[in-house]
Amino acid sequence: MKFLKTTALAAAGVAMTLGGALSPIPAMAGPQNQPTVPIEVWSLRDSITAMQLSPDGKHILLLKNESKEGENILEIYATADMSKPLRRLNADPMELISARWVSNNYIFGTAWQQKRKSVKKQEEDSRSYRTYSYNLDKNKFNQVEGNFSIVSTLPDDPNTVLVQTGRGDSDLTGVDPFDLFRPRSYYRYNLESGARSLVLKGTTKYPFASFDNNGYPRFTQGQDDDKTVRTYYRKPGDGSWKQFGPVLDQNDPSQLYRLLGGFQGPAGFDPSNPNIGYMIEARNGADKASLWEFNFETGEYTRELFKAENADVMGILQSSIPGDERLVAAVYPGAKMEYHWFDEEEKALYAQLEQLIPNAHQVRISSRSLDGQSMIVTNSGPRDPGSYWFVKDGKIVKLGSRNPYLKPDQLSDVEFIRYPARDGMMIPGYVTKPKGEGPFPLIVLPHGGPAVPEVVGYDEWGQLLANAGYMVLQPGYRQTVGWGQKHFDAAYDQHGYAMQDDKDDGALYLVEQGLVDPDRIAMFGWSYGGYAALVAAQREDNIYQCAIAGAAVSRADVWYRDVVDAYAPKALDDWFQTRGVKTGVHPYNDVAKTNIPLLMVHGDVDRRVLYYHMKDFKDAADKLGKTNIQYLTLKGADHFYTTLMYEHQEAFYTKMLDYLANDCGPGGL
């Protein structure tokens with residue numbers, strides 16, 4: 001295979017944007033505590049959802065949104081002449097939400113449609129889904145009911161792909177730990193006819209499988225009746241599983257980080273030797289996971305390939321050439337998702353791209369032609385909401401942006417810090433700095449999960465608030481994944497206690513640095529972050545002037561009954577019960593303690609944190625005669641960013657900024 005010469009890239013003279021665009025929205029000089037960039041700009045759905053190069057490098061697909069209330073359009077361009085699209089497609093009355101090349105001629109993706117006006121049970125989706133394949137030569141769609149995802153493009157069979165069914169949460173970091181053991185089914189999907197043939201059906205013992213590029217199942221993980229978790233391996237073409245690696249006891253609390261973190265275990269295979277794999281594990285009593293080479297034939301860890309000093313290795317990067325499974329880098333969190341390179345040529349290519357792309361931060365080659373000469377490159381970071389670049393014939397040109405109306409000088413820098421909690425634990429955090437001189441008003445913005453990783457990137461909420469003059473702290477409080485087992489375990493039985501102290505201690509640290517006005521601090525969070533905001537509103541000796549709780553878990557007891565079944569392992573069950581059921585702070589039970597102004601925001605079809613969490617809290621507050629709480633219902637909004645339409649974000653952002661300016665403590669924040 002031919003690789004792009006590391007000296008060949010040159011910046012193209014002009015940038016271009018594919019297809020139509022939204023009408024220009026001018027910036028303005030706003031009043032105090034209001035953004036200088038209009039709310040309607042922040043409220044836009046992503047202008048580009050997907051952009052990918054076909055394997056032969058001859059076509060680009062673009063999934064885009066052209067208006068505030070519009071739906072996604074799929075456009076296909078010939079790379080030889082990108083002045084106008086070859087195809088312009090939609091899925092009316094459904095909406096296309098994903099698209100990817102699976103061969104030179106076929107596109108595969110998903111469409112959805114809002115069908116239900118209410119959600120009755122946990123994880124019930126208000127939308128229906130269809131999976132489609134599109135034949136470029138014939139200009140023809142095939143579709144099948146359901147939401148299937150690609151497992152392998154099966155490069156040796158261009159008319160067939162390997163797909164999986166089952167919900168298959170892509171985010172297993174503490175959001176839904178039971179999803180790991182829900183059986184999935186795997187099918188060969190004929191792109192021409194839409195017909196499926198079963199390849200492998202998951203069972204309780206072997207609920208899922210990971211496949212190589214050729215469609216062979218290579219490893220699985222499942223639980224036995226004694227609640228132990230075992231990992232199994234197959235060689236290509238084998239028909240039975242062979243156990244390897246450690247046996248994990250789900251009744252042992254020390255195993256929770258490995259199980260709930262979602263990133264430890266097999267990460268890939270050496271394409272030149274099917275007996276050699278790459279494992280991410282914390283071995284020999286290590287606090288943090290590192291990357292190991294593993295011999296499946298002997299069951300031995302042959303060597304440690306890389307360990308980071310202050311973080312877990314969380315993944316690997318393989319070659320950017322399609323179908324090439326060579327290991328090129330280990331991935332770990334820091335100021336961004338950092339790469340430790342094993343491949344000097346790929347390292348040099350990324351370094352060159354970072355020099356050529358303005359405001360380069362998290363650069364990634366997202367698709368590349370088989371000959372290596374053309375590629376789509378993405379970048380995102382504090383001063384880039386997400387840009388798409390096309391490399392061809394040694395030149396690079398910008399094709400578009402997730403939000404083309406946000407300019408780099410309107411966005412704020414973000415600094416990675418570590419600060420001490422009151423018990424001495426060092427907490428990672430990210431500080432978004434508004435323009436001007438401090439001390440600033442501060443918004444503490446804890447992430448959801450709570451066990452998810454977070455690094456410096458483009459954060460729309462943080463940038464919106466900084467544009468309105470607020471400093472923003474995003475703390476990596478204990479239980480945040482990626483910083484080792486001690487950091488995770490220190491959160492056990494600490495919901496509303498030490499986990500909450502971490503957030504307060506970050507705010508007080510910034511006060512000590514002279515960056516923040518101690519009388520102008522608020523908390524805003526979503527999901528678990530919403531729970532933290534409710535707790536903040538009920539703390540004694542409060543450091544906050546107000547709190548904003550989005551999609552907040554207020555009734556941990558009801559949520560527990562909805563989520564945890566009677567057969568859950570003891571350690572996992574105990575872990576859930578420390579989140580406000582038997583121990584931990586339970587905001588609904590402490591409504592009377594709400595001692596600062598509070599704004600609650602919730603979508604009425606939220607499937608992850610059901611609407612009753614806000615409704616029941618409001619009913620209890622009304623009975624107590626609480627007048628310091630306001631409520632905003634987002635009609636038709638689910639839990640996740642991709643389900644928030646323009647009207648949801650406009651209503652939410654307008655209310656939030658007005659609330660902070662006018663109702664947050666005496667005289668506003």
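The view is taken from a predicted model, in which local features need pLDDT of at least 70 and side-chain atom pairs count only at pLDDT 80 or more, whereas totals for chains, interfaces and linings use all residues. Residues are numbered from 1 along each chain as its sequence is written, and side-chain values use heavy atoms, with hydrogens and water left out. Strand S3 (residues 59-64) and strand S4 (residues 73-78) run antiparallel and are joined by six bridges; strands (E, at least two residues) and helices (H or I, at least four) are DSSP runs numbered from the N terminus, and two strands pair if DSSP finds at least two bridges between them. Both strands belong to an open, antiparallel sheet of four strands in the order S2-S3-S4-S5. Strand S2 (48-53) and strand S5 (87-89) form its edges, each pairing on one side only, and the twist from one strand to the next averages 10 degrees, with axes fitted as lines to C-alpha atoms (for helices over the stretch in contact) and angles running from 0 to 180 degrees between N-to-C directions.

**Strands S12 and S13 form a hairpin with five residues between them.** Strand S12 (residues 185-190) pairs with strand S13 (residues 196-201) in the antiparallel sense, over five bridges. Within the turn, Gly194 has a positive phi of about 80 degrees. Arg196 of S13 stands opposite Tyr189, while this arginine also lies over the face of Tyr187, at 5.1 Å from the ring centre; a charge sits over a ring if NZ of Lys or CZ of Arg is within 6 Å of the ring centre and within 35 degrees of the ring normal. Elsewhere in the model, the charged end of Lys618 sits over the ring of Tyr631, 5.4 Å from the centre of that ring.

**An open sheet of four antiparallel strands has the order S18-S19-S20-S21.** The edge strands, each of which pairs on one side only, are strand S18 (265-269) and strand S21 (300-306). From one strand to the next, the twist of this sheet averages 35 degrees. Strand S20 (residues 290-295) runs antiparallel to S21 and is joined to that strand by five bridges, and Glu293 has Arg303 of S21 as its bridge partner.

**Tyr257 and Phe263 form an edge-to-face aromatic pair.** The whole structure holds 37 aromatic pairs, where rings of Phe, Tyr and Trp (its six-membered ring) pair if their centres lie within 6.5 Å, with planes under 30 degrees apart counted as stacked, over 60 as edge-to-face and the rest as tilted. In the pair of Tyr257 and Phe263, the rings are 5.9 Å apart centre to centre, with 75 degrees between the planes. Tyr257 is buried, with a relative accessible area of 1%, and Phe263 is likewise buried, at 10%; buried means under 20% relative accessible area, exposed over 50% and partly exposed in between (1.4 Å probe, protein chains only). One aromatic cluster is formed by Phe219, Tyr233, Phe244, Phe269, Trp292, Phe294, Phe296 and Tyr301. Ser254, in the loop between strand S17 (242-249) and helix H2 (256-261), is partly exposed, with a relative accessible area of 35%.

**Helix H7 is largely enclosed by the rest of the structure, because eleven of its eleven residues (528-538) are buried.** The buried residues of H7, among them Tyr528, Leu534 and Gln538, pack against helix H6 (498-512), strand S33 (516-526), strand S34 (546-550), strand S35 (598-603) and helix H10 (612-623). The axes of H6 and H7 come within 11 Å and cross at roughly 80 degrees, and the two helices are therefore roughly perpendicular to each other; angles under 35 degrees count as roughly parallel, over 145 as roughly antiparallel, 65 to 115 as roughly perpendicular and the rest as oblique. Met499, Gln500 and Lys503 of H6 make the contact with Tyr528, Ala532, Val535 and Ala536 of H7, contact meaning heavy atoms within 4.5 Å.

**The axes of helices H8 and H9 come within 10 Å.** Helix H8 (residues 556-563) and helix H9 (residues 570-577) have axes that cross at roughly 155 degrees, which makes H8 roughly antiparallel to H9. On the H8 side the contact is made by Trp559, Tyr560 and Val563, and on the H9 side by Asp573, Phe576 and Gln577.
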